[in-house]
Amino acid sequence: MLKLKRILLVEDNANDAELTLEALAEHNLANGVDLVRDGAEALDYLYRRGKYEGEPPLNLAVILLDLKLPKVDGLEVLSTLKGDAQLKFIPVVVLTSSREERDVVESYRLGVNAYVVKPVNFSEFITAVKELGAFWAIINEPPPSSQRGSNQ
């Protein structure tokens, strides 16, 4: 039986996290969503260390990554992820409020798959997240064996 890939949401803002989770649920995606609240926790999740030690191997459809995070910022998480031979093929979508050119340029330089500025309008935000979730969780075909531990 094929196990559905999960979505990792890396978001420190409680309101944005709740809206994103609500939007994904409204689209009736069967994919589970894991939420981490800062960059350090995101890295622990990805490397299965700390409180994530002993968890099943990663099976991610996409990572929705905010840039402005406490502890370790989103660009550093992205750099670490894309610099790791076992993790670099996991699709990453930056979902941020930052329109700063340097953030956009650096994200793409580091290998982000998409850069989405969070719409301010509630209904536009919900629509954007629904479309992101549907594309990355259902439509996109990732490379085989692109997950850490997927062959374990």
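This is a predicted model: local features need pLDDT of at least 70, side-chain atom pairs count only at pLDDT 80 or more; totals for chains, interfaces and linings use all residues.
**The cores**

Let's start on the inside. In soluble globular proteins, nonpolar side chains tend to be buried together. In this model, the largest nonpolar core has 26 residues. Leu 8, Val 10, Tyr 45, Leu 46, Leu 60, Ile 63 and Leu 65 are the ones with the most contacts inside that core. Two or more residues each come from the strands β1 (6-10), β3 (60-65) and β4 (92-96), and the helices α2 (39-47) and α3 (74-82) do likewise. There is also another core, lying apart from the largest one and made of 15 residues. Its members include Ile 7, Val 62, Leu 95 and Phe 125.

**A look at Thr 96**

Is Thr 96 buried or exposed? Thr 96 sits in strand β4, and its relative accessibility is 0%, so it counts as buried, the cut-off being under 20%. Leaving out residues up to four places away in sequence, Thr 96 touches Asp 66, Leu 67, Tyr 115, Val 116, Val 117 and Lys 118. Two of those neighbours, Asp 66 and Lys 118, turn up again below, as a salt-bridge pair.

**The salt bridges**

Side chains of opposite charge can pair when their charged atoms come close. How many salt bridges does the model have? The count comes to ten, and the table shows three of them.

| Pair | Closest N and O atoms |
|---|---|
| Asp 38 and Lys 71 | 3.6 Å |
| Arg 49 and Asp 44 | 2.7 Å |
| Lys 118 and Asp 66 | 3.9 Å |

Take Asp 38 and Lys 71, a salt-bridge pair. The two link distant parts of the chain, 33 residues apart: Asp 38 is in the loop between β2 (33-36) and α2, while Lys 71 is in the loop between β3 and α3. Asp 38 is buried, with a relative accessible area of 10%, whereas Lys 71 is exposed at 72%.

For the pair of Arg 49 and Asp 44, Arg 49 is partly exposed, at 38% relative accessible area. Asp 44 counts as partly exposed too, at 25%.

Then there's Lys 118 with Asp 66. Lys 118 counts as buried at 9% relative accessibility, and Asp 66 counts as buried at 5%. Salt bridges that share partners also join Lys 118 and Asp 66 with Glu 11 and Asp 16 in one network.

Definitions and conventions: Residues are numbered from 1 along each chain as its sequence is written. Side-chain values use heavy atoms; hydrogens and water are left out. A nonpolar core is a set of buried Ala, Val, Leu, Ile, Met, Phe, Trp, Tyr and Cys residues joined through side-chain atoms within 4.5 Å. Buried means under 20% relative accessible area, exposed over 50%, partly exposed in between (1.4 Å probe, protein chains only). Helices (H or I, at least four residues) and strands (E, at least two) are DSSP runs, numbered from the N terminus. Contact means heavy atoms within 4.5 Å. A salt bridge is a side-chain nitrogen of Lys or Arg within 4 Å of a carboxyl oxygen of Asp or Glu.
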